[in-house]
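Have a look at the model first.

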Amino acid sequence: MDAAPLSDIRVLEFGHYIAGPFCGQILADQGADVIKVEPPEGDASRGTESLSYNDVYFHALNRNKRSVMLDLKTEEGQESLLALLRSADVVVTNYAVGVPERLGFGHARAREVNPRLVYVHASGFGNDSPYAKRPAFDGIIQAMSGLVHLTGEPDGMPMQAGLFVPDHVTGLYAALAVMFGLSRRHGAGEGSFTDLSMLDSMMSLLGPCLAEALQLGVSPMRVGSKVRRSYAGTYTAADGYVYLAPMTLRMWTALAGVVQTPGLLPYFTAMDADTRLDHRDELDRAIEEWTRAHPVSEVVTRMGDVGVPCSPIFTVDALAADPHVLHRAMVRSIPLESGPGEVIVPGSPLPVVGSAFAAGPPSIGQHTKEILGELRTPEAPPGA
């Protein structure tokens, strides 16, 4: 069997909650030896009861890792930390600004110990921000990034997204930063430091919104379940909801042929895209009059038959049963850390080598003796 892409890379993860652990899990799925360095009390997101919310939360972000428990406030813990830093290729942390330095694994010290380290520090605003010392959770970044303002009904309150988007996006960027750092080290022979901000990560998703606001003078607003500047949105069906996206003239003409609303069919097909958007409320009422009379499955089938993009609005449990999801193995299970049994987790969208979902997350310090024993064994320098 081929070796996993990162099988020769050791990662120290000083992480809690989502961004750092999610980055570590991406790297672990690709074969990296990800060592979760935990305080005596463990990652704050660990569960205490079998199949509690915290259990499934922790399992979704920490498979395929090893755990070493170190009390970094003790001399012994600091000695073990230095040995770990010497053995590592990568450090990933999402602790608050200043905490790595206070606990002895800040970038300056880590670089002195191991100049070849690829070091990624993800925080709310970054180490050099005027807001560096502000606490920042996912909801704070959603609020500041424009995501909350752009989500919800036009005449309603701004709304948070239903998922922890900034945390996961930052974790993805952290994994990219690790790979870019390893590539640079391969060429230049030296380590790197990435000061990653959650707010910056989310701002990178704004696309044309910045130019609209700052150059065109149009402040983007929330539009509910519609899409700004494109004819697409959510409609009520007889037994649920569907999403329709007739974005081209061909698709619009095909939709109009299926709906066949008396008196409006010529009106539909004659319009250009901007005119359709100008008359959106009126046209939406006509479309929804038709969708309300048909079940979701029929709407999806009939629109699919004429090439109009259309989808059910899935609940999470309905998504998990979808043929695509099952075929692509996007519902997986891993052993339950706190007792017998398994926890269901999302699959990986990336190809993985070997049985990437066989190892559940470790218990606190489960591999401490094993890992510290390895550090006392002579081995090749990191990255050799």
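Is Phe-137 buried or exposed? Phe-137 counts as exposed because its relative accessibility is 54%, where exposed means over 50%, buried under 20% and partly exposed in between (1.4 Å probe, protein chains only). Please keep in mind that this is a predicted model, in which local features need pLDDT of at least 70, side-chain atom pairs count only at pLDDT 80 or more, and totals for chains, interfaces and linings use all residues. Residues are numbered from 1 along each chain as its sequence is written, and side-chain values use heavy atoms, without hydrogens and water.

Phe-137 sits in the loop between strand 5 (118-123) and helix 6 (138-145); helices (H or I, at least four residues) and strands (E, at least two) are DSSP runs, numbered from the N terminus.

Now for the inside. A nonpolar core is a set of buried Ala, Val, Leu, Ile, Met, Phe, Trp, Tyr and Cys residues joined through side-chain atoms within 4.5 Å.

| Core | Residues in core | Members include |
|---|---|---|
| Largest | 24 residues | Val-11, Cys-23, Leu-27, Val-90 and Val-178 |
| Another, apart from it | 22 residues | Ile-35, Val-37, Leu-81 and Tyr-95 |

Within the largest core, Cys-23 is among the residues with the most contacts. Beyond its neighbours within four places in sequence, Cys-23 is in contact (heavy atoms within 4.5 Å) with Val-92, Gly-171, Ala-174, Ala-175 and Val-178.

Finally, Asp-89 lies in the loop between helix 3 (75-87) and strand 4. Asp-89 is buried, because its relative accessible area is 2%.
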